[in-house]
Amino acid sequence: MTQIIAGTKTEFSIDPAIMALLPEQGCIELQRDAAGKVHAFHTHSVDEILVVISGRLNFIWDGGERVCNPGDTILLPAGTLHQSEALDETIYAIATRPPALAAGGN
């Protein structure tokens, strides 16, 4: 059954770095991974932008590897083979966009 629960909180704050990911129309995803969670090697057909909010993420891509910390931003072009592992409980924001080259650049 659908319910609407009246809220008592009326003001919310969203970090400007997260707001910058939000497309004109659409959404971003917040991801929480438990320590040790691995997203095995894969690719996406869209560009991704990830912002680490908390925890540490070991990020491996075709050509590199880096431990990412809170505040780090990962710009991941479409088709890039990559894998990640949460070294701690890690929270990050993910925005997806059509590939920049296919869209004529943005």
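Guide: For the classes used here, Ala, Val, Leu, Ile, Met, Phe, Trp, Tyr, Cys and Pro count as nonpolar, Asp, Glu, Lys and Arg as charged, and the others, Gly among them, as polar. The model is predicted: local features need pLDDT of at least 70 and side-chain atom pairs 80 or more, while totals for chains, interfaces and linings use all residues. Residues are numbered from 1 along each chain, and side-chain values use heavy atoms, without hydrogens or water.

By class, four nonpolar, six polar and two charged residues line the largest pocket. A pocket is an open set of points on a 1 Å grid where a 1.4 Å probe fits, with protein on both sides within 12 Å along at least five of seven lines; lining residues have an atom within 4 Å of a point. The space in this pocket is about 150 Å³.

At least two lining residues come from each of strands E1 (29–33), E2 (38–42), E3 (47–54), E7 (82–86) and E8 (90–97); strands are DSSP runs of at least two residues, numbered from the N terminus.

In the loop between E7 and E8 lies Asp88, whereas Arg56, 32 residues apart from it, lies in the loop between E3 and strand E4 (57–61). Asp88 and Arg56 form a salt bridge (a side-chain nitrogen of Lys or Arg within 4 Å of a carboxyl oxygen of Asp or Glu), with the closest N and O atoms 2.8 Å apart. Side chains of opposite charge can pair when their charged atoms come close. Asp88, with a relative accessible area of 28%, is partly exposed, a label for values between buried (under 20%) and exposed (over 50%), using a 1.4 Å probe and protein chains only. Arg56 is partly exposed at 34%.

Key:
Points joined across faces, edges and corners; volume = space filled by probe spheres on them. Helix = DSSP H or I, 4+ residues; strand = E, 2+ residues; numbered from the N terminus.
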